[in-house]
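Please read them alongside the sequence and the coordinates shown here.

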Amino acid sequence: MTIKFINKSKNPLPKYESSQAAGMDIHCNIAEPITLQPMERKLIPTGLFMQLPEGYEAQIRPRSGLALKRGLTVLNTPGTIDSDYRGEVEVILINLSNEPQTIGPAERICQMVIAKHEQPEVIEVEVLDETERGAGGFGHSGVK
């Protein structure tokens, strides 16, 4: 499988930081630092345009270090990029900390995971198959 990129930034292409990494780091494409106030969200450009093979999606996810240390996360996690999208990859970041957070030029702001997907046939029925769990949800099985 191959992913094609047009890179309109001066940053490196997304890459895996280790041989067993699931996600590739993505850098922002900004000329000047951007500061996000507490609870503020902004659309951050990456300068990347890509072509995924049909049947695949790119999932945009937070970087754990940014989330833990600075309270910066991706708002619509995971963000989905469909294989027929050809626009710029942009990332919605939000500052969930109590202090302003500044993102610098070329900073790694998120990670991208490539996943295979299917489009199942969708049908309407009157009854669903019974299971032991049934309609139980939202913690009905306990916490231990």
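**Notes on the predicted model**

1. Ile114 is buried, with a relative accessible area of 16%; here buried means under 20% relative accessible area, exposed over 50%, and partly exposed in between, for a 1.4 Å probe and protein chains only. This is a predicted model, in which local features need pLDDT of at least 70 and side-chain atom pairs count only at pLDDT 80 or more, whereas totals for chains, interfaces and linings use all residues. Residues are numbered from 1 along each chain as its sequence is written, and side-chain values use heavy atoms, with hydrogens and water left out.

2. Ile114 belongs to strand β11, residues 108–116. Helices (H or I, at least four residues) and strands (E, at least two) are DSSP runs, numbered from the N terminus. Leaving aside neighbours within four places in sequence, Ile114 is in contact with Met1, Ile3, Tyr16, Met24, Leu52, Tyr56, Glu57 and Ala58, contact being defined as heavy atoms within 4.5 Å. Between Ile114 and Ile60 the C-alpha to C-alpha distance is 9.0 Å, although 54 residues separate them in sequence.

3. Strand β11 is part of an open sheet of 5 strands, ordered β2-β3-β11-β6-β8, with antiparallel pairing. The edge strands are β2 (15–16) and β8, each of which pairs on one side only. Two strands pair if DSSP finds at least two bridges between them. Strands of a sheet pair through backbone hydrogen bonds, either parallel or antiparallel.

4. Which strands flank β11 in the sheet order β2-β3-β11-β6-β8? They are β3 and β6. Strand β3 (residues 24–27) is joined to β11 by 4 bridges and runs antiparallel to it; in β11, Arg108 stands opposite His27. Strand β6 (residues 56–61) pairs with β11 over 6 bridges, also in the antiparallel sense, and Glu57 stands opposite Ala115 in β11.

5. A further open sheet has 4 strands in the order β1-β5-β9-β7, again with antiparallel pairing. Its edge strands are β1 (4–7) and β7 (72–74), each pairing on one side only. From one strand to the next the twist averages 40°, where axes are lines fitted to C-alpha atoms (for helices, over the stretch in contact) and angles run from 0 to 180 degrees between N-to-C directions.

6. Within the sheet β1-β5-β9-β7, strand β5 (residues 41–51) and strand β9 (residues 88–95) pair over 6 bridges in the antiparallel sense. Lys42 stands opposite Leu93 in β9. The side chain of Lys42 also meets that of Glu40 in a salt bridge, at 3.8 Å from N to O; a salt bridge is a side-chain nitrogen of Lys or Arg within 4 Å of a carboxyl oxygen of Asp or Glu. Both partners count as partly exposed, Glu40 at 25% relative accessibility and Lys42 at 29%.

7. How many salt bridges does the structure hold? There are 4. One of them links Arg63 and Asp25, whose closest N and O atoms are 3.5 Å apart. Arg63 lies in the loop between β6 and α1 (64–70) and Asp25 in strand β3, so this pair ties together parts that are 38 residues apart in sequence. Asp25 counts as buried, at 10% relative accessibility.

8. Glu107 forms a salt bridge with Arg70, with 2.5 Å between the closest N and O atoms. Because Glu107 lies in the loop between β10 (101–103) and β11 and Arg70 in helix α1, the pair ties together parts that are 37 residues apart in sequence. At 19% relative accessibility, Glu107 counts as buried. Salt bridges that share partners also join Asp25, Arg63 and Arg108 into one network.

9. Ser83 is placed in the loop between β8 (79–81) and β9. Is Ser83 buried or exposed? Ser83 counts as buried, at 18% relative accessibility. Not counting residues up to four places away in sequence, Ser83 touches Leu52, Pro53, Glu54, Gly55 and Tyr56.

10. Leu128 lies in the segment after β11 and is exposed, with a relative accessible area of 67%. Together with Ile123 and Val125, Leu128 makes a nonpolar surface patch of about 330 Å². Patches are made of residues with over 30% relative accessible area and no salt bridge, like charges being joined within 9 Å and nonpolar side chains (Val, Leu, Ile, Met, Phe, Trp, Tyr) within 5 Å. Accessible areas come from the Shrake-Rupley method with a 1.4 Å probe, and for residues only the protein chains shown count as cover.
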